[in-house]
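I opened a new page for this chain. I wanted helix packing, charge pairs and surface patches.

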Amino acid sequence: MSQNPQSSVLLSIGETARRAGSSPRALRYYEEQGLLAPKRTAGGQRRYPTDAVERVVLYRRLIDAGLGTAVIRELLPCMNGSAAADTVATLQREHKKLLAQARELEATAGRLESILESL
């Protein structure tokens, strides 16, 4: 059985950040927060698997949606395909919160549209 050639590819911090549309500083922060665990070269340089790019994009979206890194860290088991009941409850709570924010944004956008139409 052959291994996926991309699974053994490791990216530098700069390349990972570039592909994710992020910055090396953000990746170091995610590492400090326990969200990323890069491998290290003999010289101490960080190396990330290619799937770290998707993770960084997801983290950024979750942070932009209002989730803190502590909540994201709590949700990591869900992202790995397993979760305890309390983790699922956290995910449900955050989902409800995001839906409420989306409704508020939609209402605000509707009010702005009304203002624009009246001009």
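I worked from a predicted model, where local features need pLDDT of at least 70, side-chain atom pairs count only at pLDDT 80 or more, and totals for chains, interfaces and linings use all residues. Residues are numbered from 1 along each chain as its sequence is written, and side-chain values use heavy atoms, leaving out hydrogens and water.

**Helices α1 and α2.** I took helices as DSSP runs (H or I, at least four residues), numbered from the N terminus. The axes of α1 and helix α2 (residues 24-32) come within 8 Å and cross at roughly 100 degrees. I used lines fitted to C-alpha atoms over the stretch in contact, with angles from 0 to 180 degrees between N-to-C directions. That makes α1 roughly perpendicular to α2 (65 to 115 degrees). Ile13, Gly14, Thr16 and Ala17 in α1 meet Pro24, Leu27 and Arg28 in α2, contact being heavy atoms within 4.5 Å.

**Charges.** I counted seven salt bridges (a side-chain nitrogen of Lys or Arg within 4 Å of a carboxyl oxygen of Asp or Glu). One joins glutamate 15 to arginine 19, with the closest N and O atoms 2.8 Å apart. Both residues sit in helix α1 (residues 13-20), four residues apart, about one turn of the helix.

**Surface.** Which residues form a nonpolar patch on the surface? I found Leu112, Ile115, Leu116 and Leu119, with about 470 Å² of accessible area together (Shrake-Rupley method, 1.4 Å probe, only the protein chains shown counting as cover). Patch residues have over 30% relative accessible area and no salt bridge, nonpolar side chains (Val, Leu, Ile, Met, Phe, Trp, Tyr) being joined within 5 Å. Leucine 112 lies in helix α5 (residues 85-118).

How values were computed
Patches are made of residues with over 30% relative accessible area and no salt bridge: like charges are joined within 9 Å, nonpolar side chains (Val, Leu, Ile, Met, Phe, Trp, Tyr) within 5 Å. Helices (H or I, at least four residues) and strands (E, at least two) are DSSP runs, numbered from the N terminus. Angles under 35 degrees count as roughly parallel, over 145 as roughly antiparallel, 65 to 115 as roughly perpendicular and the rest as oblique.
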